[in-house]
Amino acid sequence: MAAILDQFLDQNLTELKEQGLYNEIDPVQGANGPIIQVNGQSLINLSSNNYLGLATNDELKKIAQTTIERYGVGAGAVRTINGTLDLHVKLEEKLAEFKGTEAAISYQSGFNCNMAAISAVMDKNDAILSDQLNHASIIDGCRLSKAKIIPFLHSDMEDLRKKAKEAKESGQYNKIMVITDGVFSMDGDIAKLPEIVEIAKEFDLITYVDDAHGSGVTGKGKGTVKHFGLEKEIDFQIGTLSKAIGVVGGYVAGKQKLIDWLKVRSRPFLFSTALPPGDVAAITAAIQMLIDSTELHDKLWENGDYLKAGLKKLGFDIGASETPITPCIIGDEKLTQTFSKRLFEEGVYAKSIVFPTVPKGTGRVRNMPTAAHTKEMLDEAIATYEKVGKELGVIS
Ligand SMILES: *Cc1c(COP(=O)(O)O)cnc(C)c1O
């Protein structure tokens with residue numbers, strides 16, 4: 001190893017470890033369902049994004065298996081060479097139907113979508129108004145475009161309007177985009193899309209919503225844009241296929257000509273191999289399930305409401321989530337980490353999230369209930385919260 005790299009790694013790793021910021025990753029032995037095995041210990045899993053339990057759905061597993069028999073394990077090429085299988089075309093038609101748009105394009109991940117879509121349209125002569133709590137992939141996608149990034153205060157519509165007006169009236173920019181998460185994953189709050197659309201109309205803004213935590217969850221499962229009935233107003237609807245959909249991948253849904261443009265100008269589409277066929281078939285079937293029935297969605301919300309009510313009754317601060325995401329706000333960073341560690345020892349897997357991911361003094365243990373949890377599992381989790389909460393003096 002080059003001496004300069006060796007020195008860099010030693011110094012920085014040591015620093016992180018000393019500050020308690022070095023994240024040790026727990027390997028999960030087996031499927032990522034409502035109960036997981038970590039280090040041979042069985043735990044109630046409140047940490048996945050597998051909202052509807054589809055990651056381990058038996059029907060989807062079978063579809064992936066039979067598709068692999070017929071198509072093999074890999075797509076074999078990037079989409080534009082010969083990696084576009086009939087399965088990809090079918091998936092994209094299904095995505096457009098699901099999102100209520102003319103067309104859609106799939107990518108290898110949600111992260112990749114934001115690398116792809118923003119810089120295909122925005123450049124150094126443009127500006128992007130970005131919610132300050134937007135996901136890391138949005139931030140990186142904005143940076144990649146070289147547009148001027150103008151952050152606005154989280155879901156603060158007065159601040160957005162002021163900054164949109166300034167940007168528009170400056171005459172400095174060719175195009176201006178407003179970009180937001182649909183559901184914010186740390187607090188579970190929903191973006192104020194009706195107001196954002198109104199401001200966008202007033203100042204001629206391009207609208208871009210990344211609904212990674214919304215699809216399958218809000219809008220009876222169809223997502224946050226549908227929740228507000230704004231399918232015709234939002235230019236870019238971004239989603240992931242790895243959270244509620246349970247597999248892997250991402251997509252952009254919108255007007256046909258936008259999708260046509262992304263197919264010739266978005267770099268992860270042009271230069272990275274297509275999603276594998278087994279995954280594509282499983283995803284298409286998962287989306288069909290969400291179109292056909294709200295059963296899993298309803299179960300998810302029932303479980304979310306049940307967990308929230310249980311924790312609230314015990315006296316925990318569960319914030320102001322509008323979705324099944326259930327933060328349990330502890331405050332102090334060290335105490336939050338101890339809390340999560342004690343939950344683990346008592347059989348509940350719920351991760352602590354602290355500064356700098358969330359503001360200082362708002363450390364929390366974040367709970368992600370899913371449709372796959374049973375009432376018994378949630379009761380056990382709530383009882384464990386009570387025990388640990390009293391032991392650590394978080395509740396009385
Ligand atoms: C999780 C997430 C992503 C990344 O999605 P992957 O498919 O896991 O790459 C992108 N954007 C937002 C808002 C997310 O929450």
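A polar side-chain atom of histidine 213 lies 3.4 Å from an oxygen atom of the ligand, a polar contact in the sense used here (a pair of N or O atoms within 3.5 Å; within protein, one must be able to donate a hydrogen and the other to accept it, and residues adjacent in sequence count only if both atoms are side-chain atoms). The model is predicted, and local features need pLDDT of at least 70, side-chain atom pairs count only at pLDDT 80 or more, while totals for chains, interfaces and linings use all residues. Residues are numbered from 1 along each chain as its sequence is written, and side-chain values use heavy atoms, with hydrogens and water left out.

| Residue | Protein atom | Distance to a ligand oxygen atom |
|---|---|---|
| Histidine 213 | polar side-chain atom | 3.4 Å |
| Lysine 243 | polar side-chain atom | 2.6 Å |
| Phenylalanine 111 | polar backbone atom | 2.9 Å |

Of the 380 Å² of accessible area that the ligand has on its own, the protein covers 85% (areas come from the Shrake-Rupley method with a 1.4 Å probe; for residues, only the protein chains shown count as cover). The ligand is surrounded by 14 residues, the closest being Gly110, Phe111, Asp210, Thr240 and Lys243, where a residue is near if one of its heavy atoms lies within 4 Å of the molecule. This shell divides into two nonpolar, nine polar and three charged residues (Ala, Val, Leu, Ile, Met, Phe, Trp, Tyr, Cys and Pro count as nonpolar, Asp, Glu, Lys and Arg as charged, and the others, Gly among them, as polar). Helix α5 (residues 110-121) gives the most to the shell, with three residues; helices (H or I, at least four residues) and strands (E, at least two) are DSSP runs numbered from the N terminus.

Turning to helix packing, the axes of α4 (residues 86-99) and α12 (residues 277-292) come within 9 Å and cross at roughly 25°, and α4 and α12 are therefore roughly parallel to each other. By contrast, α14 (residues 333-345) and α15 (residues 375-391) pack at an angle of about 135° with their axes 10 Å apart, and are therefore oblique to each other. Angles under 35 degrees count as roughly parallel, over 145 as roughly antiparallel, 65 to 115 as roughly perpendicular and the rest as oblique; axes are lines fitted to C-alpha atoms, for helices over the stretch in contact, and angles run from 0 to 180 degrees between N-to-C directions.

In the loop between β12 (351-353) and β13 (363-367) lies proline 356, and the peptide bond from phenylalanine 355 to proline 356 is cis, with omega near 10°.
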